[in-house]
Structures are given as structure tokens and as C-alpha cells.
Amino acid sequence: FVAVAFILCAGAGFRLALESKISDYMTFQKPFWTYVRRLLFILVIGYSLQPPRFSFGSMLQFNEGQWTRFLDCNVLQLIVASSFIALLGLLLTRSLSRMIIFSWCAFLFIGVFTPLVWSIDPTVIAQIPLFFRMYVTTYPHASFPLFPWSVYYFAGYIITHYFMIAESRSMRAKQFLAIGAGLLGLVYASTYIPWTYYSNTMNWWLVSPMHMVFRVAGVLIVFAFLYLIQDYLKGPISRILSLSGKESLVIYVGQGIIIYGAPISGKVLKALLPMRVSPFDIFLLTLSIVVVVCGYAFLWNSYKKYMPKHADWTLRLSMLVYVLTFLFKQY
């Protein structure tokens, strides 16, 4: 549900941006190119987190397995690809009323055809260049291929669209709660139906449209519940939720570096955790990481707010150092 919610929020963010920027996007004004530039920046960030060895010289010697790991379609790549598909849909439909139809078509197409894509012969898939292959299928295994994960991006767009156009958003949130509960019941009832249009040997948790509906229903319920209790979420809780939304990319990259990317932090985590990890250990670890990433997200947000030019140059210099290190670091 963490990845699903993150992807769904990206689709919601695109729909929210259209409230004020739809004409700019359709006429290729400055906000359009700013958005495209931001997507490309996120794509670079996504791939920069994945080299098996952080060195351009080593990269030239990568074997097929290392290239596969580097070109993996992860959450950030998935969000960028889905955003470009949505942007293309907007340019084709050129209105919110037609864009919602495009989103429904994308949602249904991806959901229904995911099992069929996963059943394609791997020898056929192997004919697709590796870079594009990692976005489509799991041969070789991709972490978040478009099928099925992009379905949650368009679910986010659809949910947000109907929420934004509602006369009463409180009533719409209550409707979402009912719809979410109904969808959960539908998924449960479907388990008693023996017929499927794809092989029952496939992994239900990965390819089933019913499981996609289950996940969307879960996020829909959480969203509606949070909206209905938002008046009670005051003080630190409200500020943390708002900060997490504003600095989601910073938090995502930071937690990834802490857990997977930084050798020192990785060794520290392994030293602190016992061989057999209990739910309480996971709770403490999660709480610790949340405190750390929210802490530096708050510092970065404050830095941007009070010293925007300094923050911009800090980001530029950091990226320059990052790129130079990658280019000249030797193993």
C-alpha cells in the first residue's frame, strides 16, 4: 500500500495541477516545460540511485545483469512514464471532460491486459530493447513495470477528478468510504468465482485486476477517512502530513539512501537489528527513519522558504558534485 499510495498521489498531483495550468500545458507555455523538466529531473534521480557501482568507468564494463539492475523500472521511473502518458492524453483530449475518459480507458486497459502481458512468451519480450522492456514486463524482472503499477496513477487521477468537481467534498468523501467498502466486498466475493480469463498458475498478487481493485479501495478508504478527520489533525500531525506532501521526493530519495544506498547506514542498520526481526523491531526502525527523513525534510523546506536563492544554488552545486564524482570515481 505504500507504493500504491505514492503512485496514486502522483496521479492526483497531475489532476490538481490541471486546475490552474491546463491551458498552459495545452499551449506549451512555460509551466509545461517546467513540468517536463521536473519529470526528466526525477527520471535522472531514479536512475542515479540504481548503478550497481557508482562510477562511470565501472559502468562501461557492466555485464547484462548489472545493466538490468541499472535500467530497472522503479517507482520514480514508473511515475515519470505514467506522467508522460497522462500528459500525452491531455494533449490529445484537450479538455478535462475528455481527459477523464482517457484516464478511465487507461485504468481499465492496464488492469485488464496486465495478465495477458505477463503471459507473453519471454522469447518474444526479449526482442524489445532492454531499456523499454523494463517498463513493460518482468522478463527480466522489473520492480514496478507499467503493467500493473501504472493503473494506480490513473486511479489517483480519477479519484481526484471526481473529488474536485463535487459540490460537497465531505459528502464525496463519505461516498468514497462506501465505494471503497463495496469494492472490498466485491473483491472478496470474486474469490468464490472459479473462472478467470488467464492461467490460475500466475501470481494473483501481481497480475489480478481484482487485487488492483482491492489496493485502490484500500487507498480510497484511507484518503476519505483522512479528509473527514482533517479538522482534528491539528498541530504537529497536520504540519508533518503537509510537509510530507510538499517534500515527498526528498523523503523518498532519503529513505532509499538510508535503507539501501549508503554503505555506512546499511552497516549500522545490520549491526542494530537482530538476526530474527520482530514486528516491534520493524516498528522502531520505521519510526526512527520517519523521524530522520522528516527532520531533514523540514530543514530543507525551511531553507527553501527563507533562503530560496541559496537553496537553488545548493541544489545545483550538489548535483554538480554528484555528477563529477560519478564521472571520475575509480574502483
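**Loops, rings and a greasy patch**

Modeller: Let's begin with R94, placed in the loop between α5 (75–93) and α6 (96–118); helices here are DSSP runs of H or I with at least four residues, and strands are E runs of at least two, numbered from the N terminus. Before going on: this is a predicted model, where local features need pLDDT of at least 70, side-chain atom pairs count only at pLDDT 80 or more, and totals for chains, interfaces and linings use all residues. Residues are numbered from 1 along each chain as its sequence is written, and side-chain values use heavy atoms, with hydrogens and water left out.

Colleague: Thanks! What is the phi of R94?

Modeller: Phi is near 60 degrees there, a positive value in a residue other than glycine. Most residues other than glycine have a negative phi. R94 is partly exposed, at 41% relative accessibility; buried means under 20% relative accessible area, exposed over 50%, and partly exposed in between, with a 1.4 Å probe and protein chains only.

Colleague: And where is F28?

Modeller: F28 sits in the loop between α1 (2–26) and α2 (30–48). F28 has a positive phi of about 60 degrees too, although it is not a glycine, and is partly exposed at 42%.

Colleague: Which rings are in a cluster with F28?

Modeller: Ring pairs link F28 with F14, Y25, F32, W33, Y35 and Y157. Rings of Phe, Tyr and Trp (its six-membered ring) pair if their centres lie within 6.5 Å; planes under 30 degrees apart count as stacked, over 60 as edge-to-face and the rest as tilted.

Colleague: How many aromatic pairs in the whole structure?

Modeller: The search finds 32. One of them is F176 with F223, a tilted pair at 6.3 Å centre to centre and 45 degrees between the planes. F176 lies in helix α10 (residues 169–190) and F223 in helix α12 (residues 209–228), so this pair ties together parts that are 47 residues apart in sequence.

Colleague: Is F176 buried or exposed?

Modeller: F176 is buried, at 5% relative accessibility, while F223 is partly exposed at 31%. Y188 and Y192 also pair: their ring centres are 5.7 Å apart and their planes at 80 degrees, so that one is edge-to-face. Y188 is exposed at 54%, and so is Y192 at 60%.

Colleague: New topic: how many disulfides?

Modeller: Zero, counting a disulfide as a pair of cysteine sulfur atoms within 2.5 Å. For C294, the nearest cysteine sulfur is that of C9, 15 Å away. C294 is buried at 15% relative accessibility, whereas C105 is partly exposed at 47%.

Colleague: What joins F147 and P148?

Modeller: A cis peptide bond, with omega about 20 degrees. Most peptide bonds are trans. P148 is in helix α9, as is Y152, and that helix covers residues 146–164.

Colleague: What does Y152 contact?

Modeller: Leaving aside neighbours within four places in sequence, Y152 is in contact with V4, I7, L8, H211, M212, R215 and V216, where contact means heavy atoms within 4.5 Å. Y152 is buried, with a relative accessible area of 0%.

Colleague: Last one: which helix gives the largest share of the nonpolar patch?

Modeller: Helix α17 (residues 308–328), with seven residues. L320 is found in that helix and is partly exposed at 47%.
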